Amino acid sequence: MQQMPAARELSNVDYNAFARDLNALREELDANLSEADLRHLRKLERWGRLSTLLGYATAWLFPNPLSAFLMSTGTVTRWTIMMHHVGHKGYDKVPNVPARYTSKGFAQGWRRFLDFFDWLLPEAWSYEHNILHHYRTGEEADPDLVQQNIEWMRNIRWPAFMKYLVVAYFSLTWKWTYYLPRTVRALHYAHARRAGVARPAGIEILDRRQLMPRRGLYNPRTPMGRDMVLRSLLAYGLFQFVLVPSVFLLVGPWAAFSVLCNVLMAEAFTNLHSFLIIVPNHCGDDVYRFEQPMTDRAEFYVRAVVGSVNYRCGGDLNDFLHGFLNYQIEHHLWPDLPALKYQEAHPRVRALCEKHGVPYIQEPVLRRVRKTLDIMIGRTTMPVAVTTPRQARRPSARSEASSEAASVA
């Protein structure tokens, strides 16, 4: 395995000036929030629903990858575009936004079955992703730090092809082998911590990333087990793989069999598609991780850029197929913006990074997948970035000028 790269120093960046420019851009973006943002979201939602409709409308004919891909695209849209951006409060401040497109309305209660009926519980995924990941990106406490999570395989002495087979398995199953248990455990750890319980009955909090081990995870007699088994595995599994194909028995046994085959194929496509556009977003030998927590928003901004990766950006169809995760840098700077605003902000954020000397990575998704695979099998290693905390930061030129003017006055 490749040796650990030397830590990268980012002390030459004027953190405060960079933050001022980004804050000014954010104020401008907020001032331009309008119903156009909501119309854009609704268009993307229609595209996702149309994909699902066309997929099921043809799935009964015979098992085929086109129907499965269309069904899968609808599922990916509901997760990566709708649940992701709405759950991040991206539309809460849009003028005249209906309650169902706000973070407090989308997929809440019975609306889960309309907006985001999936393996993942909306509240569990939102907590693990929106809080634990977004505000600890690249740190040891980040539950989605790829290199850390896959360390066992990086170190094991297996041939490369065997490691690739393991990655292929996880890429085709990761929503219910990785994300589902991880998010449920994270949510119930948070419940226990808020209740002041350091060690809930039968559960030891040992994981350094603040996620509970699997003990009790599949026991429906525990609250965590009920969420995992009853509300997730059984609820969605029975609906997707039993109820939906059974409806097509009204057409005939062949139609029901074809739908079942296509649903199973769509599940694999969904896992693979989401794996390809999500996992490489914070991974590669040119993407940085961090050994210390951040101290303020200026440091947060620098880390959001150097710890994230963009794919090819531009055009609603291209962005739709990427789940709008191709704007990962802009999204990590400001998680609570509408999808349309990321399109508008992207070229200006990139220009600001060039102005302030902050590394900005943007490459096609398949190139990033290759770099991620190299990290996962242990061929390369993510470097450590040494960001400058607030207390050790030099004042910017503008701050020095202000201080000098104040002393003269």
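Buried means under 20% relative accessible area, exposed over 50%, and partly exposed in between (1.4 Å probe, protein chains only). By that scale Arg100 is partly exposed, because its relative accessible area is 27%.

This is a predicted model: local features need pLDDT of at least 70, side-chain atom pairs count only at pLDDT 80 or more, and totals for chains, interfaces and linings use all residues. Residues are numbered from 1 along each chain as its sequence is written, and side-chain values use heavy atoms, with hydrogens and water left out.

**Arg100.** Arg100 sits in the loop between α3 (65-87) and α4. Helices are DSSP runs (H or I, at least four residues), numbered from the N terminus. Leaving aside neighbours within four places in sequence, Arg100 contacts (heavy atoms within 4.5 Å) Glu45, Gly105, Phe106, Arg111 and Asp115. The table gives its side-chain polar contacts, each a pair of N or O atoms within 3.5 Å, one able to donate a hydrogen and the other to accept it; residues adjacent in sequence count only if both atoms are side-chain atoms.

| Side-chain pair | Polar contact |
|---|---|
| Arg100 and Glu45 | 3.4 Å |
| Arg100 and Tyr101 | 2.4 Å |

**Cores.** A nonpolar core is a set of buried Ala, Val, Leu, Ile, Met, Phe, Trp, Tyr and Cys residues joined through side-chain atoms within 4.5 Å. The largest has 89 residues; Phe18, Leu333, Trp334 and Val349 have the most contacts inside it. Helix α8 gives the most to this core, with 10 residues. A second, separate core of 11 residues includes Tyr56 and Val263.

**Helix α9.** Buried residues of α9 include Met224, Tyr236 and Pro245. The buried residues of α9 pack against α2 (35-59), α4 (112-115), α8 (160-194) and α10 (253-278).

Definitions and conventions
Helices (H or I, at least four residues) and strands (E, at least two) are DSSP runs, numbered from the N terminus.
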